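This report describes selected features of the structure shown below.

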Amino acid sequence: MIRIKVPATSANIGVSFDCMGLAVSLYSSVEFDKSSEELEITGCPKQFQTRDNLVYQAFVKACEHLNKPVPHVKITIENNIPVARGLGSSAFCIVAGLAGANVWFDSPMDRSELLELATEMEGHPDNVSPAIYGKLGVSFIDESNDVQTVHFNVNERLEFVTLIPDYQVSTDKAREILPTEMSYQEAIYQVGHAVALSKAMELGDLDLITASIIDKMHEPYRCKLIPDYQKAKDICQQANGTMYISGSGSTMMAIVDNPESAEQIVSNVKKDFPNWEVNHVNVDTNGVMSEVI
Ligand code: HSE
């Protein structure tokens, strides 16, 4: 049996819309085993236990890419990443399916090949890159249509808290709400802030993170889709932290530089939003992991 473990991922990090993503220590896993039936799936709602299941779709894609017959397979999903909350639940499914097939056929693909396939399936690399490599990833599609990705170590002093509302935000709606153009002035603002932010994360410099994370491309529009955005932000700031919308929301991610601040955010969010899920997490540095049992 093969077990694949994938970290949750948080895209955008404020100013790095569609380019940057962070892997965090909240994990989901999938087991792949031989089966006498063509396909068995457990661990997800009945309506997803079909050939359209994203984990299976990715498994099939990798088999076809490797020119291997798709084996009869039993897929057991253990998902801890909430769906449609901006924490990379679809990246998890895609990376797990591709990695499962890769290990099934003795791992002929390296991580960069997995990333190419995963990006093709997901449509953008900002979540799948950290799901595969861990850490803080910056990615883009180059002029030959290849995925380029680099990874930054995030300073261990930084701590993160996921504030996960009990409501979803649709990614389609969160993209529709955005303007179609921006000015040179705004582009200059974003580039300067994004480059400074990546260095600030490496240094663990919370003051510089707080100054550089303030986005003008998507957060001012998307915050309107999250009714509790301002209250959540106030809780983070009262604990001397900063906060950004994770992916297209609804999750918001707090960044602090000590465990006490993280715990203060956890306890205040639990008090004000008892139905939310709140997790004190760290950066995942491994990315997708596999085990043959
Ligand atoms: N970068 C994407 C967005 C992530 O913010 O729309 C969601 O998949």
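## Cysteines

The sulfur of C44 has its closest cysteine sulfur in C93, at 8.4 Å, which is too far for a bond. A disulfide is taken here as a pair of cysteine sulfur atoms within 2.5 Å, and a search of the whole structure finds zero disulfides. In general, a disulfide is a covalent bond between the sulfur atoms of two cysteines.

The model is predicted: local features need pLDDT of at least 70, side-chain atom pairs count only at pLDDT 80 or more, and totals for chains, interfaces and linings use all residues. Residues are numbered from 1 along each chain as its sequence is written, and side-chain values use heavy atoms, with hydrogens and water left out.

Accessibility is classed as buried (under 20% relative accessible area), exposed (over 50%) or partly exposed (in between), with a 1.4 Å probe and protein chains only.

| Residue | Relative accessible area | Class |
|---|---|---|
| C44 | 16% | buried |
| C93 | 19% | buried |
| P259 | 39% | partly exposed |
| S261 | 6% | buried |

## The sheet

Helices (H or I, at least four residues) and strands (E, at least two) are DSSP runs numbered from the N terminus. Two strands pair if DSSP finds at least two bridges between them. Four strands form an open sheet with antiparallel pairing, in the order 8-9-7-10. Strand 8 (242-245) and strand 10 (277-281) are at the edges with a single partner strand each, so one side of each is left without a neighbour in the sheet. On average, neighbouring strands of this sheet are turned by 20° against each other, direction ignored.

Five bridges join strand 7 (residues 159-164) to strand 10 in the antiparallel sense. Within this pairing, V161 has H280 of strand 10 as its bridge partner. Helix 9 (residues 229-238) packs on the sheet and touches strand 7, strand 8 and strand 9 (252-256), and its direction makes about 150° with that of strand 8. Contact means heavy atoms within 4.5 Å. Axes are lines fitted to C-alpha atoms, for helices over the stretch in contact, and angles run from 0 to 180 degrees between N-to-C directions.

## Helix packing

Helix 9 also packs with helix 10, at an angle of about 150° and with the axes 9 Å apart. This crossing is right-handed; a crossing is right-handed if the near helix is turned clockwise from the far one by less than a right angle, and left-handed if anticlockwise. On the helix 9 side K231, I235, C236 and Q238 take part, meeting Q264, I265, N268, V269 and D272 in helix 10.

Helix 10 (residues 259-272) includes P259. Not counting residues up to four places away in sequence, P259 touches E159 and H280. S261 also lies in helix 10; leaving aside neighbours within four places in sequence, S261 is in contact with A239 and V256.

How are helix 1 (residues 54-65) and helix 3 (residues 111-122) packed? Their angle is about 130° and their axes are 11 Å apart. Helix 1 and helix 3 are therefore oblique to each other, given that angles under 35 degrees count as roughly parallel, over 145 as roughly antiparallel, 65 to 115 as roughly perpendicular and the rest as oblique. Helix 1 and helix 3 cross in the right-handed sense. In helix 1, L54, Q57, A58, K61, A62 and H65 meet E113, L117, E120 and M121 in helix 3.
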